[in-house]
Amino acid sequence: NGVHTAGVPMGGVTYPLCRAEGAEAIYQAFWEQVEELALTDEKTLATVLLITPDFAQYSVDAYDALADSLGAALVNLGLEKDLQLVFFHPEFTFRDGKERMGGEGEAANFARRSPYPMINLLRTPQVRDAQKGIPTGAVYDVNERNMATVGTETLREMLQARDWTGLEGRSWEPHPTRAKLETKARQNF
């Protein structure tokens, strides 16, 4: 829906920046954003992209460890019913058992790669509303096919240059129920 709105119903997006190099400060920034989401109406704030450019920039394993600990904390505190996390990293690789490095499926990794490590905090009820009517895995399959049409080498070059103008004017395979969901979101806004 754009860089300033997201979710069903549409709400605001914030992009806080945490320049910390250590995990402790990242945890603090993360929990501050969790609290902000809890205290803010979903139409005002739907999602947060916490950008952490100085933490684990060159170590996807360190970022995975952070992701695992934050995900476990949400479960242990019973917050997964309210909040979901998606992690992005410049070197992200899906761990789903498919051929993702050096093979045909490698381009799919770019759906979760970003110039800087970041944590997307999403409201679980909004995610569930958005997923209604979409078969499990359909979004990932469509994203994978769309990334493959661009190609791994082109995606790698764009990410390194932080320049996505090569994507302008491309036609993308739409998600199966996207038009229906977008219409519903506009009606609720």
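User: Before we start, what counts as a contact here?

Analyst: Contact means heavy atoms within 4.5 Å, and the model we are looking at is a predicted one.

User: Good. Then which residues is Thr152 in contact with, leaving aside its neighbours within four places in sequence?

Analyst: With those neighbours set aside, Thr152 is in contact with Glu106, Ala107 and Phe110. Thr152 itself is found in helix 5, and at 16% relative accessibility it counts as buried.

User: And how far apart are the C-alpha atoms of Thr152 and Ala107?

Analyst: They are separated by 4.6 Å, although Thr152 and Ala107 lie 45 residues apart along the chain.

User: You mentioned Glu106. What does its side chain meet in a salt bridge?

Analyst: The side chain of Glu106 meets that of Arg156 in a salt bridge, at 2.8 Å from N to O. Glu106 lies in the loop between strand 4 (83-88) and strand 5 (118-123), whereas Arg156 belongs to helix 5 (residues 152-161), so the pair ties together parts that are 50 residues apart in sequence.

User: Are those two buried or exposed?

Analyst: Glu106 counts as buried, with 9% relative accessibility, while Arg156 is partly exposed, with a relative accessible area of 31%.

User: Which other residue forms a salt bridge with Arg156?

Analyst: Arg156 also forms a salt bridge with Glu153, where the closest N and O atoms are 2.9 Å apart. Arg156 and Glu153 are separated by about one helical turn, because they are 3 residues apart in helix 5. Glu153 is partly exposed, its relative accessible area being 46%. Through salt bridges that share partners, Glu106, Glu153 and Arg156 are joined into one network.

User: How many salt bridges does the count come to?

Analyst: The count comes to 4 salt bridges. Among them is one that Asp54 forms with Arg19, with the closest N and O atoms 2.9 Å apart. That pair links distant parts of the chain, 35 residues apart, since Asp54 sits in the loop between strand 3 (47-51) and helix 2, and Arg19 in the loop between strand 2 (11-14) and helix 1.

User: Changing topic: at what angle do helix 1 and helix 2 pack?

Analyst: Helix 1 (residues 23-39) and helix 2 (residues 60-76) pack at an angle of about 40 degrees, and their axes are 12 Å apart. The two helices are therefore oblique to each other, and their crossing is right-handed.

User: Which residues make that contact?

Analyst: Helix 1 contributes Ile26, Tyr27, Phe30 and Trp31, and helix 2 contributes Leu66, Ser69, Leu70, Ala73 and Leu74.

User: How do they divide into nonpolar, polar and charged?

Analyst: The residues of the contact of helix 1 with helix 2 comprise 8 nonpolar and 1 polar, with no charged residue in the set.

Technical notes: Residues are numbered from 1 along each chain as its sequence is written. This is a predicted model: local features need pLDDT of at least 70, side-chain atom pairs count only at pLDDT 80 or more; totals for chains, interfaces and linings use all residues. Side-chain values use heavy atoms; hydrogens and water are left out. Axes are lines fitted to C-alpha atoms, for helices over the stretch in contact, and angles run from 0 to 180 degrees between N-to-C directions. Helices (H or I, at least four residues) and strands (E, at least two) are DSSP runs, numbered from the N terminus. Angles under 35 degrees count as roughly parallel, over 145 as roughly antiparallel, 65 to 115 as roughly perpendicular and the rest as oblique. A crossing is left-handed if the near helix is turned anticlockwise from the far one by less than a right angle, and right-handed if clockwise. Ala, Val, Leu, Ile, Met, Phe, Trp, Tyr, Cys and Pro count as nonpolar, Asp, Glu, Lys and Arg as charged, and the others, Gly among them, as polar. Buried means under 20% relative accessible area, exposed over 50%, partly exposed in between (1.4 Å probe, protein chains only).
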